[in-house]
Amino acid sequence: MSKISDIKEKIKSIKDPVSNLSFQESSAIKHVGIDEESNTVMFVVEVEKKNPDVMKELTREIAKVVKIDMGYKGIKIDFVEKKVEKSGPKTILIASGKGGVGKSTVTANLAYAMMRLGKRIAIIDADVYGANMPKILGGTGHQLLGNKDGKIYPFEKDGIQMVSTEYLVEKNRALLLRGPMLNKVLKLFFEDTLWTGEIDYFLVDLPPGTGDIMLDMRTFIDDAKMVLVTTPQANASHIAIKAGYAAKDLGHEILGVIENMSYYEIQGEKHYIFGQGGGKEVADELMVELLEQLPIVPSNTSIYSESDIAGIHYLNLAHQIMKLVK
Ligand SMILES: Nc1ncnc2c1ncn2[C@@H]1O[C@H](COP(=O)(O)OP(=O)(O)O)[C@@H](O)[C@H]1O
Ligand SMILES: [Mg+2]
(Lines give C-alpha, C1' and ligand atoms only; values in the text may rest on other atoms or scores of the structure.)
(Ligands and ions follow the chains in the order given, each with its own letter.)
Protein backbone atom coordinates (compact mmCIF):
# COMPACT_ATOMS: atom_id res chain seq x y z
CA MET A 1 0.00 0.00 0.00
CA SER A 2 1.36 3.45 -0.83
CA LYS A 3 2.00 5.87 2.04
CA ILE A 4 -0.90 8.03 0.90
CA SER A 5 -3.35 5.12 0.70
CA ASP A 6 -2.18 4.08 4.15
CA ILE A 7 -2.96 7.54 5.58
CA LYS A 8 -6.34 7.64 3.81
CA GLU A 9 -7.16 4.20 5.20
CA LYS A 10 -6.24 5.17 8.77
CA ILE A 11 -8.23 8.41 8.87
CA LYS A 12 -11.30 7.22 6.99
CA SER A 13 -13.37 6.50 10.11
CA ILE A 14 -12.89 9.97 11.64
CA LYS A 15 -16.29 11.63 11.86
CA ASP A 16 -17.34 15.18 11.13
CA PRO A 17 -19.00 16.28 14.40
CA VAL A 18 -21.71 18.23 12.55
CA SER A 19 -22.91 15.72 9.96
CA ASN A 20 -21.81 12.72 12.05
CA LEU A 21 -20.58 11.13 8.81
CA SER A 22 -17.15 9.53 8.58
CA PHE A 23 -14.66 10.80 5.98
CA GLN A 24 -15.32 7.55 4.13
CA GLU A 25 -19.07 8.22 4.01
CA SER A 26 -18.88 11.91 3.18
CA SER A 27 -15.85 11.83 0.83
CA ALA A 28 -14.72 14.96 2.69
CA ILE A 29 -11.01 14.28 2.16
CA LYS A 30 -10.32 15.94 -1.16
CA HIS A 31 -6.56 15.56 -1.23
CA VAL A 32 -3.71 13.97 0.70
CA GLY A 33 -0.08 14.77 -0.04
CA ILE A 34 3.23 14.28 1.72
CA ASP A 35 6.04 16.80 1.89
CA GLU A 36 8.91 14.35 2.35
CA GLU A 37 11.43 17.02 3.26
CA SER A 38 9.57 18.31 6.29
CA ASN A 39 7.85 14.96 6.92
CA THR A 40 4.53 16.81 6.84
CA VAL A 41 1.22 15.47 5.58
CA MET A 42 -1.03 17.93 3.76
CA PHE A 43 -4.79 17.57 3.52
CA VAL A 44 -7.65 19.30 1.80
CA VAL A 45 -10.81 18.66 3.82
CA GLU A 46 -14.31 19.71 2.85
CA VAL A 47 -16.63 21.03 5.57
CA GLU A 48 -20.19 22.39 5.48
CA LYS A 49 -19.15 25.68 7.09
CA LYS A 50 -15.78 26.89 8.29
CA ASN A 51 -16.71 26.62 11.94
CA PRO A 52 -13.59 27.14 14.13
CA ASP A 53 -14.66 24.52 16.70
CA VAL A 54 -15.27 21.91 14.03
CA MET A 55 -11.97 22.68 12.29
CA LYS A 56 -10.14 22.45 15.61
CA GLU A 57 -11.73 19.14 16.46
CA LEU A 58 -11.00 17.63 13.03
CA THR A 59 -7.42 18.89 13.18
CA ARG A 60 -7.01 17.25 16.57
CA GLU A 61 -8.43 13.91 15.38
CA ILE A 62 -6.31 13.87 12.23
CA ALA A 63 -3.20 14.85 14.20
CA LYS A 64 -3.84 12.03 16.67
CA VAL A 65 -3.72 9.46 13.88
CA VAL A 66 -1.10 10.99 11.62
CA LYS A 67 1.36 12.39 14.15
CA ILE A 68 0.94 10.20 17.20
CA ASP A 69 0.00 6.84 15.63
CA MET A 70 1.86 7.12 12.34
CA GLY A 71 4.82 9.22 13.42
CA TYR A 72 4.72 12.07 10.91
CA LYS A 73 6.24 15.27 12.14
CA GLY A 74 3.57 17.72 11.06
CA ILE A 75 0.21 18.13 9.40
CA LYS A 76 -1.22 20.96 7.35
CA ILE A 77 -4.94 21.09 6.66
CA ASP A 78 -6.74 23.33 4.19
CA PHE A 79 -10.42 23.43 4.98
CA VAL A 80 -12.72 24.23 2.06
CA GLU A 81 -16.44 24.92 2.24
CA LYS A 82 -18.86 22.69 0.43
CA LYS A 83 -20.42 24.28 -2.63
CA VAL A 84 -24.15 24.83 -2.37
CA GLU A 85 -25.92 22.60 -4.85
CA LYS A 86 -28.06 24.28 -7.48
CA SER A 87 -31.61 23.13 -8.00
CA GLY A 88 -32.73 22.03 -11.45
CA PRO A 89 -31.54 19.09 -13.50
CA LYS A 90 -28.57 17.10 -12.29
CA THR A 91 -25.97 15.68 -14.63
CA ILE A 92 -24.34 12.33 -13.98
CA LEU A 93 -21.40 11.25 -16.10
CA ILE A 94 -20.94 7.51 -16.52
CA ALA A 95 -17.27 6.81 -17.15
CA SER A 96 -14.87 3.90 -17.28
CA GLY A 97 -11.22 3.46 -18.03
CA LYS A 98 -11.68 0.55 -20.39
CA GLY A 99 -14.31 -0.11 -23.03
CA GLY A 100 -16.51 -3.17 -22.87
CA VAL A 101 -16.98 -3.09 -19.11
CA GLY A 102 -20.71 -2.35 -19.42
CA LYS A 103 -20.78 1.44 -19.27
CA SER A 104 -23.61 1.77 -21.79
CA THR A 105 -25.56 -1.11 -20.27
CA VAL A 106 -25.25 0.57 -16.88
CA THR A 107 -26.30 3.96 -18.28
CA ALA A 108 -29.42 2.55 -19.92
CA ASN A 109 -30.48 0.42 -16.95
CA LEU A 110 -29.82 3.21 -14.50
CA ALA A 111 -32.07 5.41 -16.65
CA TYR A 112 -34.87 2.84 -16.45
CA ALA A 113 -34.42 2.37 -12.71
CA MET A 114 -34.57 6.12 -12.08
CA MET A 115 -37.61 6.40 -14.31
CA ARG A 116 -39.28 3.59 -12.32
CA LEU A 117 -38.61 5.70 -9.23
CA GLY A 118 -40.55 8.55 -10.80
CA LYS A 119 -37.75 10.65 -12.27
CA ARG A 120 -37.62 12.22 -15.71
CA ILE A 121 -34.50 11.07 -17.48
CA ALA A 122 -32.53 12.07 -20.56
CA ILE A 123 -29.54 10.15 -21.87
CA ILE A 124 -26.73 11.83 -23.76
CA ASP A 125 -24.74 9.19 -25.64
CA ALA A 126 -21.42 10.99 -25.97
CA ASP A 127 -19.34 7.89 -26.62
CA VAL A 128 -17.94 9.32 -29.81
CA TYR A 129 -16.05 6.16 -30.71
CA GLY A 130 -18.57 3.47 -29.88
CA ALA A 131 -22.02 4.99 -29.49
CA ASN A 132 -24.45 2.13 -28.98
CA MET A 133 -27.27 3.65 -26.96
CA PRO A 134 -29.62 3.54 -29.97
CA LYS A 135 -29.03 -0.23 -30.20
CA ILE A 136 -29.66 -0.76 -26.48
CA LEU A 137 -32.83 1.34 -26.43
CA GLY A 138 -34.06 0.17 -29.83
CA GLY A 139 -33.63 3.44 -31.63
CA THR A 140 -31.25 2.58 -34.45
CA GLY A 141 -32.02 4.18 -37.78
CA HIS A 142 -33.83 7.04 -36.08
CA GLN A 143 -33.32 10.33 -37.89
CA LEU A 144 -32.66 13.30 -35.69
CA LEU A 145 -35.04 16.02 -36.73
CA GLY A 146 -33.92 19.59 -36.53
CA ASN A 147 -35.83 22.82 -36.72
CA LYS A 148 -34.92 25.92 -38.67
CA ASP A 149 -32.88 27.34 -35.79
CA GLY A 150 -30.56 24.35 -35.81
CA LYS A 151 -32.11 22.77 -32.74
CA ILE A 152 -32.65 19.02 -32.62
CA TYR A 153 -35.36 16.78 -31.18
CA PRO A 154 -34.32 13.76 -29.11
CA PHE A 155 -35.37 10.15 -29.69
CA GLU A 156 -37.80 8.90 -27.05
CA LYS A 157 -38.49 5.40 -25.72
CA ASP A 158 -40.66 4.54 -22.70
CA GLY A 159 -40.54 8.18 -21.62
CA ILE A 160 -36.74 8.27 -21.66
CA GLN A 161 -35.32 10.84 -24.05
CA MET A 162 -32.00 10.28 -25.77
CA VAL A 163 -29.57 11.83 -28.21
CA SER A 164 -26.60 9.95 -29.60
CA THR A 165 -23.51 10.65 -31.63
CA GLU A 166 -24.65 7.68 -33.72
CA TYR A 167 -27.31 9.94 -35.17
CA LEU A 168 -24.66 12.29 -36.49
CA VAL A 169 -22.76 9.81 -38.65
CA GLU A 170 -23.52 7.63 -41.62
CA LYS A 171 -24.45 4.04 -40.85
CA ASN A 172 -21.52 1.87 -39.73
CA ARG A 173 -19.05 4.72 -39.84
CA ALA A 174 -17.15 5.65 -36.73
CA LEU A 175 -17.19 9.26 -35.67
CA LEU A 176 -13.63 10.44 -35.24
CA LEU A 177 -13.65 13.82 -33.66
CA ARG A 178 -10.98 16.37 -33.05
CA GLY A 179 -11.21 18.82 -30.20
CA PRO A 180 -13.26 21.61 -31.78
CA MET A 181 -15.68 19.16 -33.42
CA LEU A 182 -16.19 17.35 -30.18
CA ASN A 183 -17.09 20.66 -28.64
CA LYS A 184 -19.69 21.26 -31.38
CA VAL A 185 -21.30 17.90 -30.78
CA LEU A 186 -21.47 18.52 -27.06
CA LYS A 187 -22.95 21.97 -27.69
CA LEU A 188 -25.65 20.38 -29.85
CA PHE A 189 -26.52 17.92 -27.08
CA PHE A 190 -26.21 20.22 -24.10
CA GLU A 191 -27.54 23.48 -25.49
CA ASP A 192 -29.41 22.86 -28.71
CA THR A 193 -31.57 19.85 -27.94
CA LEU A 194 -35.29 20.44 -27.48
CA TRP A 195 -36.07 18.11 -24.59
CA THR A 196 -39.74 17.58 -23.85
CA GLY A 197 -40.73 18.87 -20.42
CA GLU A 198 -38.51 19.15 -17.37
CA ILE A 199 -35.62 16.72 -16.92
CA ASP A 200 -34.51 15.59 -13.45
CA TYR A 201 -31.35 13.74 -14.41
CA PHE A 202 -29.16 13.81 -17.48
CA LEU A 203 -27.10 10.63 -17.76
CA VAL A 204 -24.07 11.00 -20.00
CA ASP A 205 -22.46 7.88 -21.48
CA LEU A 206 -18.84 8.99 -21.90
CA PRO A 207 -16.26 7.35 -24.16
CA PRO A 208 -13.82 5.08 -22.32
CA GLY A 209 -10.52 6.54 -21.20
CA THR A 210 -9.33 9.72 -19.65
CA GLY A 211 -9.47 11.85 -22.79
CA ASP A 212 -10.47 15.29 -23.94
CA ILE A 213 -14.14 14.78 -23.39
CA MET A 214 -13.90 15.06 -19.61
CA LEU A 215 -12.26 18.43 -20.07
CA ASP A 216 -14.76 19.58 -22.72
CA MET A 217 -17.61 18.53 -20.51
CA ARG A 218 -16.68 21.26 -18.07
CA THR A 219 -17.45 23.92 -20.65
CA PHE A 220 -21.07 22.88 -20.54
CA ILE A 221 -21.59 21.58 -17.03
CA ASP A 222 -19.46 22.72 -14.13
CA ASP A 223 -21.10 20.61 -11.46
CA ALA A 224 -21.51 17.22 -13.09
CA LYS A 225 -21.06 14.20 -10.87
CA MET A 226 -19.36 11.08 -12.08
CA VAL A 227 -19.75 7.37 -11.48
CA LEU A 228 -17.03 4.97 -12.58
CA VAL A 229 -17.79 1.56 -14.00
CA THR A 230 -15.26 -1.24 -13.76
CA THR A 231 -15.16 -5.03 -13.78
CA PRO A 232 -13.49 -7.07 -11.02
CA GLN A 233 -10.38 -7.59 -13.15
CA ALA A 234 -7.17 -5.74 -12.38
CA ASN A 235 -6.67 -4.66 -16.00
CA ALA A 236 -10.00 -2.83 -15.87
CA SER A 237 -9.69 -1.46 -12.35
CA HIS A 238 -6.20 -0.02 -12.86
CA ILE A 239 -7.38 2.00 -15.84
CA ALA A 240 -10.51 3.03 -13.94
CA ILE A 241 -8.31 4.43 -11.16
CA LYS A 242 -6.39 6.48 -13.73
CA ALA A 243 -9.63 7.75 -15.24
CA GLY A 244 -10.84 8.60 -11.73
CA TYR A 245 -7.77 10.64 -10.91
CA ALA A 246 -7.97 12.44 -14.26
CA ALA A 247 -11.59 13.32 -13.55
CA LYS A 248 -10.76 14.50 -10.04
CA ASP A 249 -7.96 16.70 -11.38
CA LEU A 250 -10.51 18.35 -13.67
CA GLY A 251 -12.78 18.99 -10.70
CA HIS A 252 -15.44 16.39 -11.43
CA GLU A 253 -16.82 14.98 -8.20
CA ILE A 254 -16.85 11.20 -8.16
CA LEU A 255 -19.94 9.75 -6.51
CA GLY A 256 -18.79 6.18 -6.41
CA VAL A 257 -17.85 3.03 -8.24
CA ILE A 258 -20.01 0.40 -9.89
CA GLU A 259 -18.52 -3.04 -10.31
CA ASN A 260 -20.17 -4.78 -13.25
CA MET A 261 -20.00 -8.49 -14.13
CA SER A 262 -19.03 -9.17 -10.51
CA TYR A 263 -20.24 -12.75 -10.31
CA TYR A 264 -22.45 -15.35 -11.92
CA GLU A 265 -25.04 -16.85 -9.62
CA ILE A 266 -26.25 -20.41 -10.03
CA GLN A 267 -28.72 -21.85 -7.51
CA GLY A 268 -27.82 -19.30 -4.88
CA GLU A 269 -24.10 -19.81 -5.27
CA LYS A 270 -21.92 -16.99 -6.56
CA HIS A 271 -19.12 -17.77 -9.00
CA TYR A 272 -16.52 -15.05 -9.36
CA ILE A 273 -15.66 -15.70 -12.98
CA PHE A 274 -13.61 -12.54 -13.48
CA GLY A 275 -11.96 -12.61 -10.07
CA GLN A 276 -12.74 -10.35 -7.17
CA GLY A 277 -11.86 -6.99 -5.71
CA GLY A 278 -11.55 -4.62 -8.70
CA GLY A 279 -14.47 -2.40 -7.72
CA LYS A 280 -13.41 -2.14 -4.10
CA GLU A 281 -9.85 -1.34 -5.11
CA VAL A 282 -11.00 1.57 -7.28
CA ALA A 283 -13.37 2.86 -4.59
CA ASP A 284 -10.74 2.67 -1.84
CA GLU A 285 -8.08 4.34 -3.94
CA LEU A 286 -10.39 7.22 -4.88
CA MET A 287 -11.92 7.35 -1.39
CA VAL A 288 -15.49 6.87 -2.56
CA GLU A 289 -18.08 4.14 -2.03
CA LEU A 290 -18.47 0.96 -4.01
CA LEU A 291 -22.11 1.61 -4.91
CA GLU A 292 -23.13 -1.74 -6.41
CA GLN A 293 -21.84 -5.08 -7.58
CA LEU A 294 -23.88 -6.13 -10.56
CA PRO A 295 -24.22 -9.78 -11.52
CA ILE A 296 -23.36 -11.31 -14.88
CA VAL A 297 -26.67 -11.81 -16.65
CA PRO A 298 -26.71 -14.09 -19.67
CA SER A 299 -29.52 -12.54 -21.64
CA ASN A 300 -30.18 -11.10 -25.02
CA THR A 301 -32.14 -8.18 -23.71
CA SER A 302 -30.11 -5.24 -22.51
CA ILE A 303 -32.79 -3.69 -20.29
CA TYR A 304 -33.67 -5.70 -17.22
CA SER A 305 -37.21 -5.64 -15.89
CA GLU A 306 -37.74 -4.36 -12.37
CA SER A 307 -38.54 -7.86 -11.13
CA ASP A 308 -35.29 -9.36 -12.49
CA ILE A 309 -32.57 -9.77 -9.94
CA ALA A 310 -30.41 -7.40 -12.03
CA GLY A 311 -33.31 -4.94 -12.20
CA ILE A 312 -33.47 -4.93 -8.40
CA HIS A 313 -29.75 -4.22 -8.18
CA TYR A 314 -30.31 -1.25 -10.49
CA LEU A 315 -33.14 0.10 -8.34
CA ASN A 316 -30.80 0.03 -5.37
CA LEU A 317 -28.10 1.74 -7.40
CA ALA A 318 -30.53 4.44 -8.53
CA HIS A 319 -31.60 5.04 -4.91
CA GLN A 320 -28.02 5.43 -3.79
CA ILE A 321 -27.05 7.77 -6.60
CA MET A 322 -30.12 9.95 -6.08
CA LYS A 323 -29.30 10.20 -2.38
CA LEU A 324 -25.71 11.25 -3.12
CA VAL A 325 -26.64 13.81 -5.77
CA LYS A 326 -29.30 15.58 -3.71
N1 LIG B 1 -23.75 -7.60 -16.18
C2 LIG B 1 -23.63 -8.07 -17.43
N3 LIG B 1 -23.83 -9.40 -17.69
C4 LIG B 1 -23.69 -9.88 -18.93
N5 LIG B 1 -23.36 -9.16 -20.01
C6 LIG B 1 -23.14 -7.83 -19.82
C7 LIG B 1 -23.27 -7.23 -18.52
N8 LIG B 1 -22.99 -5.91 -18.65
C9 LIG B 1 -22.72 -5.70 -19.96
N10 LIG B 1 -22.80 -6.84 -20.67
C11 LIG B 1 -22.54 -7.04 -22.11
O12 LIG B 1 -21.17 -6.71 -22.35
C13 LIG B 1 -21.02 -6.05 -23.59
C14 LIG B 1 -20.35 -4.67 -23.36
O15 LIG B 1 -21.24 -3.84 -22.64
P16 LIG B 1 -21.40 -2.28 -22.96
O17 LIG B 1 -22.44 -1.77 -22.05
O18 LIG B 1 -21.60 -2.07 -24.42
O19 LIG B 1 -19.95 -1.78 -22.53
P20 LIG B 1 -19.21 -0.38 -22.73
O21 LIG B 1 -20.25 0.65 -22.97
O22 LIG B 1 -18.45 -0.18 -21.47
O23 LIG B 1 -18.30 -0.55 -23.90
C24 LIG B 1 -22.41 -5.94 -24.19
O25 LIG B 1 -22.59 -7.00 -25.09
C26 LIG B 1 -23.34 -6.09 -22.99
O27 LIG B 1 -24.58 -6.64 -23.34
MG1 LIG C 1 -20.58 1.84 -24.64
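In this predicted model, D35 stands opposite T40 of strand β2. The two strands involved, β1 and β2 (residues 40–47), run antiparallel to one another and are joined over six bridges. As a reminder, strands of a sheet pair through backbone hydrogen bonds, in either a parallel or an antiparallel manner.

Stepping back to the whole sheet, three strands form an open arrangement in the order β1-β2-β3, and the pairing is mixed. Strands β1 (29–35) and β3 (74–81) lie at the edges; each has a single partner strand, so one side of each is left without a neighbour in the sheet. From one strand to the next, the twist averages 15°.

Helix α3 (residues 52–69), for its part, lies across β2 and β3 and runs at about 145° to β3.

Attention now turns to another part of the chain, helix α9 (residues 278–286), which holds E281. The relative accessibility of E281 is 33%; because this value falls between the 20% and 50% cut-offs, the residue counts as partly exposed. Apart from neighbours within four places in sequence, E281 is in contact with S237, H238 and I241. With H238 there is also a polar contact, in which the two side chains are joined at 3.3 Å. As for its relation to R60, the C-alpha atoms of E281 and R60 are separated by 29 Å, with the two residues 221 residues apart along the chain.

Note on methods: Residues numbered from 1 in each chain as written. Chains lettered and ligands numbered in written order. Predicted model: local features only at pLDDT ≥ 70, side-chain atom pairs only at ≥ 80, totals over all residues. Heavy atoms only, no water. Pairing = 2+ DSSP bridges. Helix = DSSP H or I, 4+ residues; strand = E, 2+ residues; numbered from the N terminus. Axes fitted to C-alpha atoms, helices over the stretch in contact; angles between N-to-C directions. Contact = heavy atoms within 4.5 Å. Buried < 20%, exposed > 50% of the residue type's maximum accessible area, 1.4 Å probe, protein only. Polar contact = N/O pair within 3.5 Å; in protein donor to acceptor, adjacent residues only side chain to side chain.
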